[in-house]
Structures are given as C-alpha cells and as structure tokens.
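Comments are set out as numbered points.

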Amino acid sequence: MGKLDGKVAIVTGGSRGIGAASALALADEGADVAISYSSSPDRAKAVVADLEAKGVRAAAFQADQADAAQAAGLIQRVVEQFGKLDILVSNAAVSGGGLLGGEPVDQAAIDRQLAVNYTGVVAGIQAAVPLLPDGGRIISISSGVATRAGFQGMAYYTGTKSALEGFSRGAARDLAHRGITVNVVQPGFVDTEGNPADGPAAAVFLPTAAMGRYGRPEEIAAGVAFLATPQASYVTGAVLRIDGGYAA
Ligand SMILES: NC(=O)c1ccc[n+]([C@@H]2O[C@H](COP(=O)([O-])OP(=O)(O)OC[C@H]3O[C@@H](n4cnc5c(N)ncnc54)[C@H](OP(=O)(O)O)[C@@H]3O)[C@@H](O)[C@H]2O)c1
C-alpha cells in the first residue's frame, strides 16, 4: 500500500532532473502521474515508461509554461485524461540573468523567465484550485536563492522565485479552509542538466553549501513526496529547504 494510492498528480517539467525524480517518487507511493515538458518529447516518453513500470497510470503533455493559457490548459487536459487531480507539483523553470550595471541584459529572455517561473506557475495554480478536492496539495519548486541570493548575477532569477514564494504564502492562507496545503521546496545545488555538478559554476557554488557537495534529484523528490502525503496535512505556507546547508 502506497501513501498516495488512488491519487492523481501532475509534475510540470517532469521530463528530466528534479521533475522526473519527483514524478517517480510520487509513483513509488502509488500515485498516477502526469508530467509536462516543453521541447523534449522523447525524454518525456522515457519517463512515462519508467512511471508505468512502477504500475501506475502515466502520461506526458507538451505545454509551454511561458504561455499562461497553455499552463492553465495543461491542468484541464490532465483532468480530462485522468478524471481528477489531487496534487500539483510546479517544477518547470528556467534560469538566467545578468549583472545589474554590467553588460546589457537580454530583456526578452528576462521577461520569458518571469513568465515561465512565476506567471505560468500562477496560471496553473489558478486553474487547479477549483478542480482540486479538499485536502489537495500544491507544491512549488523554488530555489535556495529566494532565501539567500549568494552570488552576483542572480537578481532576475531570484526575483521570480521570491515572487513564487510570496504567492504561495498568500495561497496557503486562501486555501487552508479547504485543507488544501500550499508549500514550497527550496533546493540548493542539484546535479541536473540545468546545473551540472561538473559544470563551470560548480567551483563557485560548492564552497557555499555546508555539506560541500551537490544534491541528487532524488533528495529533493523525497521532500516533494512527503509534502504530498496525508502525513503532511498540517504543513502549509512552509518552505522546505533541501539545500545541503546553503542557508545555514
Ligand atoms: N538544479 C539546481 O541546482 C536547482 C537549484 C535550485 C532550484 N532549482 C529548481 O528546480 C526545478 C527543476 O530544476 P532542474 O535543474 O531539474 O531543471 P532542468 O534539468 O533544467 O529541467 C527543466 C525541466 O523544465 C522543463 N521546462 C523548461 N522550460 C519549460 C517551459 N517553458 N514550459 C514547460 N516546461 C519547461 C524542461 O522540459 P524539456 O525537457 O522539454 O526542456 C525540463 O523538464 C526548477 O524550478 C529550478 O528552478 C534547481
């Protein structure tokens, strides 16, 4: 018996990295899992096969989270295919930026980052709220930089994650009367394609994590799965840091 038997979850950006690991962790607890992706259908298909191998229903949906209509439509498509939705994990994001006072930034990329990391997430949550049952779960993946920027060149990305965290606290207040919990997970440095442990930034990042190593996607997914379970029913408006001590 899994703690999430009979539940349906969507994980945005589930084709790789922390999203794929979170989808698999939810399936390990018995949830049926939909994932979304933007541009890698083959990788999404492979994750769906891994999910189905665990004995749950699974499907992948292409949806660009930079487009609020697509982000909201994704929720409708999941409910049409699976019959309901219990758990929304908003994970998809991009990261980029530039130094304030340095070279001119690519403003279109900055605007798109805000659309993906904040506006699209909010659109998905807005679409999900009327469809979630009492006791539903909303879990968003933020970043340790929302607590401590830590480095130069992070202002634009940090702003998107801090906005997401502020929205999540407000949403926790709005939805508590229905037993819907709204929480945020703050990863530190996690070895993914988005931030490879052998990438050029690692030398700057590593000394700032108390544990002196990158995290694994599965270590973030464990926290996501906990927040989705009935055991986390009194946790809302919280930030769960899984950052190897980056904020310590
Ligand atoms: N890795 C870290 O060190 C770290 C640290 C702190 C926070 N985080 C946060 O953790 C989350 C996952 O990070 P990650 O490192 O696992 O990312 P990643 O390896 O770059 O994977 C990103 C995922 O998001 C999807 N995606 C990107 N843009 C999208 C869009 N416009 N619409 C829909 N899906 C989109 C990608 O789909 P495709 O495969 O189709 O491109 C992919 O599934 C993000 O919220 C990130 O900000 C990561």
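1. The model is predicted, with local features requiring pLDDT of at least 70 and side-chain atom pairs pLDDT 80 or more, while totals for chains, interfaces and linings use all residues. Residues are numbered from 1 along each chain as its sequence is written, and side-chain values use heavy atoms, leaving out hydrogens and water.

2. Leu 26 is also among the residues with the most contacts inside the largest nonpolar core, together with Val 33, Ile 35, Leu 51 and Ile 139; this core has 28 residues. A nonpolar core is a set of buried Ala, Val, Leu, Ile, Met, Phe, Trp, Tyr and Cys residues joined through side-chain atoms within 4.5 Å, buried being under 20% relative accessible area with a 1.4 Å probe, protein chains only.

3. Elements giving two or more residues to this core include β1 (8–11), β2 (32–37) and α7 (217–228). Its largest share, five residues, is supplied by α1. Helices (H or I, at least four residues) and strands (E, at least two) are DSSP runs, numbered from the N terminus.

4. A second, separate core contains 26 residues, among them Ala 127, Val 129, Leu 164 and Leu 175.

Technical notes. Buried < 20%, exposed > 50% of the residue type's maximum accessible area, 1.4 Å probe, protein only.
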